[in-house]
Amino acid sequence: MSVRELRRGAVAVGSEREQVLQELSTALFASLPRRDQRRKGEQYVRGLLAAQGRRSIRNVAVCLGDPTLEQSLHHFICNSTWDWMPVREALADWLRQAIGPQAWVVRQMSIPKSGRHSVGVGRGLDLHRDQPFHGQQAFGVWAASEQASSPVNWRLLLEEAQGETQEECAAAAALGFSRLYDASRRPVVLDTPTRDPEAVIRRFNDAGVPVLVRVQGTAQLTVREAALPGYGQGAHSAQRIADSVRGLRRPTGWLDPTAPSGVRHVPAAKVRVGLPGREEGLGRGLVLVGEWESPRRPATRLWLTNMAEVPASALLRLAKLTDRVGQDLSGFGDRAGLRDFEGRSLRGWHCHITLASAAHAVEVLTASRRDGERYFPGIPA
């Protein structure tokens, strides 16, 4: 490719990003009552996209070409009284048109901090690295399809929240978001390895929300599968139940850009199960889904769901959306500033991460300029 062609491509990408940013800003900030607030919101997102390194408010102001903006942007993020929830809801509505999400994926984001003065800082466990760390634990709700994903809601695990667990915080982040309850009722994929899933499953079941919960192998379940009559009495570990249904596994494919053909296949199986306690209120029951990377090894991941009638292949494709979210978080999260809020207030953190989520959406939707293709269908190639 010639230098001229490279330059032309860069200009086209820049034009697309500007168009996406303007359209998104119009949709996002319509709920803000004042024109100066709407202008500050767009400026902040623009600065997050332009900044290099840590997306501090000072760095954002410098990258906007006017360091004197720091004070007004600081006030907008940390002290202004605008409501971030309508902005998040507008972001979810906009992403519904942009990427056609198949599910809401809930995932932990660890935010390491050296001091103790920021809100929510403490000792925590990074669930995806299985390592302890010092900092904040944020749980994001992501609109996710097989092609793209972006966060739309957040909840911070607070030390002062009496006894709230990681699983409870993750569930609350999802169930507290109004867009979960629209007419399409997309499922929630809870990517938080749970040892005792009963309370989580019941919360979603009572809310009428379909859910797929990642469970640990030690989770205790009862077997309700007619093909496994020997397991009809008592509770067994999820891992043991999965090991017993290897003969029921079937190859299942999902979109994976790292695979040579663009589609990857793994064995998967599902088995009807129950909870050791009360069975009331669980509708058509529960199923355990196992996925295997290697046929000779134990299941790689285990999932419990109240979507008992959905085929194992469809359930696995939903579970694999967590990989899409993980890739987009590692590829675009830091570039959008999701972890970069330096203030101490909970309000400031929520305002910053709301606008950083908007910047993340722009990054994701304009990063795929390959052969004239777009994630964003509203913009012609």
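**A hairpin and selected salt bridges**

A138 stands opposite L156 in strand β4, strands here being DSSP runs of E with at least two residues, helices runs of H or I with at least four, both numbered from the N terminus. This is a predicted model, in which local features need pLDDT of at least 70 and side-chain atom pairs pLDDT 80 or more, whereas totals for chains, interfaces and linings use all residues. Residues are numbered from 1 along each chain as its sequence is written, and side-chain values use heavy atoms, without hydrogens and water.

Strand β3 (residues 131-144) runs antiparallel to β4 and is joined to it by seven bridges; pairing requires at least two DSSP bridges. Four residues separate the two strands of this hairpin. Because seven of the eight residues of β4 (residues 149-156) are buried, β4 is largely enclosed by the rest of the structure. Buried denotes under 20% relative accessible area, exposed over 50%, and partly exposed in between (1.4 Å probe, protein chains only).

Let me turn to salt bridges, defined as a side-chain nitrogen of Lys or Arg within 4 Å of a carboxyl oxygen of Asp or Glu. The whole structure contains 25 of them. One joins the side chains of E309 and R272 (3.1 Å, N to O). E309 lies in the loop between β12 (301-305) and α9 (312-319) and R272 in strand β10 (residues 263-274), so this pair ties together parts 37 residues apart in sequence.
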